[in-house]
Amino acid sequence: MSRYYARSQKMYEGSITFDDRLLLEAMKRISKGRRKPTSVALEEPVIQKLKRIAERKGISYQVLMRMFILDGLRRLEAMA
C-alpha cells in the first residue's frame, strides 16, 4: 500500500466531522485501560497539525488519532 494511500481516497477530502456520541465513547475509553501501547512514527508537521485540530475539538491529540484510526477501520470494513 502506498504511503499516501489515505490521502488519495475521496472519503478523506473536505472537512472532517465526528459524531459527538462516538467522540465521548473514545474519550471514556481513555480511563478504562485494556489497550496495548503502540508506537507510530510521524513527521513533526503532522503531529503539530493533529494537535491544532485536537485543540479546536477540545480533546487530546492521542484521542484524535485513535478516532481517525477507528473511523478509517470502520470505513474500510464497510467497503469490503
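Here is a short walk from the whole chain to single residues.

Analyst: This is a predicted model, where local features need pLDDT of at least 70, side-chain atom pairs count only at pLDDT 80 or more, and totals for chains, interfaces and linings use all residues. Residues are numbered from 1 along each chain as its sequence is written, and side-chain values use heavy atoms, with hydrogens and water left out.

User: How many helices and strands are in the chain?

Analyst: Start with the rule: helices (H or I, at least four residues) and strands (E, at least two) are DSSP runs, numbered from the N terminus. Here the chain has four helices and zero strands. From the N terminus the order reads α-α-α-α.

User: What share of the residues is buried?

Analyst: Buried means under 20% relative accessible area, exposed over 50%, and partly exposed in between (1.4 Å probe, protein chains only). Of the 80 residues in this chain, 18% are buried. Take L50 in helix α3. L50 counts as buried because its relative accessible area is 10%.

User: Which residues does L50 touch?

Analyst: A contact means heavy atoms within 4.5 Å. Leaving out residues up to four places away in sequence, L50 touches L42, Y61, L64, M65 and F68. Look at Y61: L50 and Y61 sit 11 residues apart in sequence, yet 5.8 Å apart in space, C-alpha to C-alpha.

User: Where is the salt bridge?

Analyst: A salt bridge is a side-chain nitrogen of Lys or Arg within 4 Å of a carboxyl oxygen of Asp or Glu. The count by this rule is one. It joins the side chains of D71 and R75, at 2.8 Å, N to O. Both residues lie in helix α4 (residues 61-79), four residues apart, about one turn of the helix. R75 has 29% relative accessibility, so R75 counts as partly exposed.

User: Which residues make the nonpolar surface patch?

Analyst: Patches are made of residues with over 30% relative accessible area and no salt bridge; like charges are joined within 9 Å, and nonpolar side chains (Val, Leu, Ile, Met, Phe, Trp, Tyr) within 5 Å. Areas come from the Shrake-Rupley method with a 1.4 Å probe; for residues, only the protein chains shown count as cover. I69, L73, L76 and M79 make a nonpolar patch of about 390 Å². L76 belongs to helix α4. At 43% relative accessible area, L76 is partly exposed.
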